[in-house]
Amino acid sequence: MSNTISFDPKKDQAIFDNLIKYAIAPRPICFASTIDKKGQVNLSPFSYFNLMSHQPPICVFSPLRRMRDGSTKHTLENILEVDEVVINIVNYDLVQQQSLASTEYAEGINEFEKAGLTPIPSVYIAPPRVAESPIQLECRVQQVIPLSELPGAGNLVLAEVLAMHVQAHLLDDKNNIQQHELDLVARLGGDWYCRVTQDNLFLVPKPLRNLGIGVDNLPEAVRLSKVLTGNHLGLLANVETIPTIDDTLEIDAAYTDIQTAHLHAAQLLDQGSLQKAWQILLRTL
């Protein structure tokens, strides 16, 4: 194991506050559109945001107190006056506009106009949706949980989804979203972002579909391999039983040593060929 350097969030606050944003990433980004009791609209992006429940469907995002003085932001103040919010998902086409909208404009300034975005009426609530957003969630705020009154403290907004609006071109005939078509972006540390494209998408079989034997039940020669990584072992262990040798399955080559066999098995696993990888490994046991 490599050496680590430890940081205390109280003693090393400035360093910790910076590093934690790199460590807990990528974070999905949303535009929260809110309205105050005078009818003034606010639009602000949040990367402290995620889905937390299905029944009921609950999203959580967190407007932080300002670091300079601990004061609260317009989004939080609006929600406390009008308990409604539209959570608009941010994709690559919106990433520069969401950055612009993060500017702390004065109260009463419409971030829709500043960011060049189009407000459209919601169906069930007062705050408008962002027309350009690929997915818009109309929500009613169930609870706001302040974490402290210190500068930088979060306020957890628990928002129940009343309706979801999806741009039609993203849906197939079975109402499934093609993940790569959504073209999502996510927040990292500093000025860094990442983009979810087809090239960096991959599938991971869900272990709930079967009861995997677990890494502890892999043959010792496989479990202690100097070639196979933890990811490889996780794939191999996600089977209900260790396979048996299948003489009908053609193997590309005969192996004179275990390391060469393991290297080929690793390549097959990286390509998604679990069955063939197991057949190679079985012939080395």
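1. Basis. The model is predicted, with local features needing pLDDT of at least 70 and side-chain atom pairs counting only at pLDDT 80 or more, while totals for chains, interfaces and linings use all residues. Residues are numbered from 1 along each chain as its sequence is written, and side-chain values use heavy atoms, with hydrogens and water left out.

2. Largest pocket. A pocket here is an open set of points on a 1 Å grid over the protein atoms alone, where a 1.4 Å probe fits, with protein on both sides within 12 Å along at least five of seven lines, and lining residues have an atom within 4 Å of a point. Of its 49 lining residues, Lys 21, Tyr 48, Ser 62, Leu 64 and Lys 73 are the closest to the centre.

3. Its lining. Two or more residues each come from α1 (13-23), β3 (41-46), α2 (74-81) and α3 (95-101), where helices (H or I, at least four residues) and strands (E, at least two) are DSSP runs numbered from the N terminus. The most, six residues, come from α1. By class, the lining holds 20 nonpolar, 17 polar and 12 charged residues, with Ala, Val, Leu, Ile, Met, Phe, Trp, Tyr, Cys and Pro counted as nonpolar, Asp, Glu, Lys and Arg as charged, and the others, Gly among them, as polar.

4. Second largest pocket. The lining has 21 nonpolar, three polar and no charged residues, and β4 gives its largest share, four residues.
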